[in-house]
Protein chains: 2
Amino acid sequence: MDSTLTQNAERDAETVQREGARRAVYEASPASDPRSPVMLFSADEPLAMDSGARLGPFQIAYQTAGTLNAQRSNAVLICHALTGDQHFAHRHPVTGKPGWWETLVGPGKPVDTNRYFVVCSNVIGSCMGSTGPASLNPETGRPYGLDFPLVTIRDMVRAQAMLLDRLGIPDLFLCIGGSMGGMQVLQWASLFPERVFSAMPIATGARHSAQNIAFHEVGRQAIMADPAWADGRYLEEGTRPAKGLGVARMGAHITYLSEPALHRKFGRRLQNRAAPTFSFNADFQIESYLRHQGLSFVERFDANAYLYLTRAMDYFDLAEDHGGVLGHAFRGSKTRFCVMSFTSDWLFPTADSRAIVHALNAVAAPVAFVEVESDKGHDAFLLDEPAMFSAAQGFIDAAARARGL
Amino acid sequence: MDSTLTQNAERDAETVQREGARRAVYEASPASDPRSPVMLFSADEPLAMDSGARLGPFQIAYQTAGTLNAQRSNAVLICHALTGDQHFAHRHPVTGKPGWWETLVGPGKPVDTNRYFVVCSNVIGSCMGSTGPASLNPETGRPYGLDFPLVTIRDMVRAQAMLLDRLGIPDLFLCIGGSMGGMQVLQWASLFPERVFSAMPIATGARHSAQNIAFHEVGRQAIMADPAWADGRYLEEGTRPAKGLGVARMGAHITYLSEPALHRKFGRRLQNRAAPTFSFNADFQIESYLRHQGLSFVERFDANAYLYLTRAMDYFDLAEDHGGVLGHAFRGSKTRFCVMSFTSDWLFPTADSRAIVHALNAVAAPVAFVEVESDKGHDAFLLDEPAMFSAAQGFIDAAARARGL
């Protein structure tokens, strides 16, 4: 029958189109970025996860800077934030932007790559080369999607420890990171205290607050409300939940800034106009800025990875893991701590840092506390903050002397 | 329904189905709620809007309580907030809940319906009986959708003034409202100073901040990202952007509360479980609560109305309308003001109220300022706050004595 043939031909064309789209998405996917060294772990060396899952095979993408000394005593681990990656001091392969922490890390910088061997790995569950929900599930040959096991901060740290073992790094001179990176620093100091000489958790907390969980949940719902999300199977469908992920990013981005910073940068200024348009166009500069943030984010980040990593932060509660007493997470610790917060950070306010300091005090751990006066909000740790640099410089130099570096 | 189907028997089944869906949406639409008195304005009495549009015919749905005295001197206008309505002291026809301000308004309450004649109207652009984007455009016979002209706070106030004219109310003993309602109160006192004896703007600001515009923009983008929004033509399509509107509401709801209130109410408590599920289910109580807020909101609110009213708040800048000097908005005012804020309100922080008070001081207007100690955040003005009630009682009683009531 002609009609059957026509139907078949249409179906074939459709399939080809969909396959083509699928391939295009795979190829464009940051998950397959080849420009980072990748450490492979076979199915015989699985990652034992908090959920009970054993993930294997898996891989960790990472970057390094500087040289490991003969004593292997000068290693620094940088832990990245929610939407960060391993490109801390190298041009980003997708965005072309400078490394995200070049302000703090580099030759002659507080984390001096002339003196230290610096490692940063993409966290497990992310999408910049380490195994995550966009990776192929070897059991099915399809991307994991929501079949990927839930990830915790502790899982990220365990995977990093496995990477360091492979790299022949027995312990860390310094473990440093902000926001979700700071959570990993705290988890490192708690889980492997003998491997952490000094630790700098910045703009972080020992647990995620109800309000922060709430903001994350709104972002997740925005992604899952997007029909293009397709129950997490969008890579196979050849679609992408760009609108949902964009909305999630826009909302989250507000929480990374501060009202004073937004007022200073944008106020109520109109976008290239003398008068409002009386429409739903981006009349205000802040609207245009946020839309841009949403659009550029979806080009470099995987929606499912966003779901997984926000969930990991929500689950983080270091005290809960230690009978409800945060100090017990650090009992007997010899790690030197420098805890840092920013006055205008309302996502991880100074009170969260103070709680960490009090817990460390309670177990007589050596700790310095720095609250940096800044109106730049949570993202201050990524920005040009001289007070942060000088405090970090002082702490790290002193630790290096104590370590004999 | 059956007779309608019979009448439509000649049409093809698909059209009938689509029509049926459309009708069902119309019937369920709060816009057609018949349980409020409605004041009709003909095409000869249009509303002159800030955008330049002249809206007519249009209608205003309202509710009253108490009795207007012979001197017509005891009228109180209550201005509702973004997602509020005229049901301030009456059971809500859609939700079945008590009136939204029964805590403050009623027999023996600070706004005493035994003494005052209280009016509250649904703002123009909303969806509870007053003309808005869900109403039929008489020129096309279809719902306005985005063809509805942009609404400003001043437009809302002009429409209220036209309603009061019809009701034979020359001036207001008291104009009172919170949040967007407070913006209307300020606009009333500025636009019609001779018609406002006393004014109580609560938890509000004389302009919308960059951060607040940002949060609104995320909500609008969430709605417009929903394919069911259909460029605003969802009523005709028989769809509803419930997911997008739900996400918008979830995000906004966080801003109505406070971190301490969220911590007290929910903390990190899990939802009917001893341990996390390691999934994207609503593990935490706060997640389940937010999802419920989103779901219940979409049952009572129109998505386009949400776009319009958030935009009206964004555009509000009373100083900008008066050469950049807020005090000029109130020059020569004889209105007695009581400005009220709440310590934990971060949407309209006390600084916003202080700016209003300073502007009133600068033009020697009589003003009292009350900052209520509360951890309930922005929504405190809707809640059981004894300090708010007693301050309101004192201010209103004194105003009544001055008015000879």
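Me: Across the interface of chain B and chain A, how many residue pairs are in polar contact?

Reply: A polar contact is a pair of N or O atoms within 3.5 Å; within protein, one must be able to donate a hydrogen and the other to accept it, and residues adjacent in sequence count only if both atoms are side-chain atoms. By this rule, 26 residue pairs are in polar contact across the interface of chain B and chain A, both residues at pLDDT 80 or more. This is a predicted model, in which local features need pLDDT of at least 70 and side-chain atom pairs count only at pLDDT 80 or more, while totals for chains, interfaces and linings use all residues. Residues are numbered from 1 along each chain as its sequence is written, chains are lettered from A and ligands numbered from 1 in the order in which they are written, and side-chain values use heavy atoms, with hydrogens and water left out.

Me: Which helices of chain B supply at least two residues each to the side that touches chain A?

Reply: Helices (H or I, at least four residues) and strands (E, at least two) are DSSP runs, numbered from the N terminus. In chain B, the helices that each supply at least two residues to this side are H5 (210–225), H7 (242–256), H8 (259–265), H9 (285–300) and H10 (303–315). The largest share, 12 residues, comes from H5(B). By residue class, the side of chain B that touches chain A divides into 26 nonpolar, 13 polar and 13 charged; here Ala, Val, Leu, Ile, Met, Phe, Trp, Tyr, Cys and Pro count as nonpolar, Asp, Glu, Lys and Arg as charged, and the others, Gly among them, as polar.

Me: What area do chain B and chain A bury between them?

Reply: Buried area is the accessible area (1.4 Å probe) that two parts lose on being put together, summed over both. For chain B and chain A the value is about 4600 Å², with 71% of it on carbon and sulfur atoms. In chain B, the residues that lose the most area to chain A are B:Arg268, B:Phe278 and B:Phe280, together 19% of what that side buries.

Me: Why do the copies meet through the same surface?

Reply: Contact means heavy atoms within 4.5 Å. By that criterion, 52 residues of chain B are in contact with 52 residues of chain A. The copies meet through the same surface because 100% of the interface residues of chain B are also interface residues in chain A.

Me: Which domains does the assignment give for chain A?

Reply: Domain bounds come from an automatic or database domain assignment. In chain A, domain 1 comprises 30–210 + 323–403 and domain 2 comprises 213–310. Their contact takes 36 residues from domain 1 of chain A and 33 residues from domain 2 of chain A. These two domains bury about 2800 Å² between them, 62% of it on carbon and sulfur atoms. A:Glu236 forms a salt bridge with A:Arg142, the closest N and O atoms being 2.6 Å apart.

Me: Where in chain A is a cis peptide bond found?

Reply: Most residues other than glycine have a negative phi, and most peptide bonds are trans. A cis peptide bond joins A:Gly56 and A:Pro57, with omega about 0°. A:Pro57 is found in the loop between strand E3 (54–55) and strand E4 (58–65) of chain A. Phi of A:Ala364 is near 60°, a positive value in a residue other than glycine.

Definitions and conventions. Salt bridge = Lys/Arg side-chain N within 4 Å of Asp/Glu carboxyl O.
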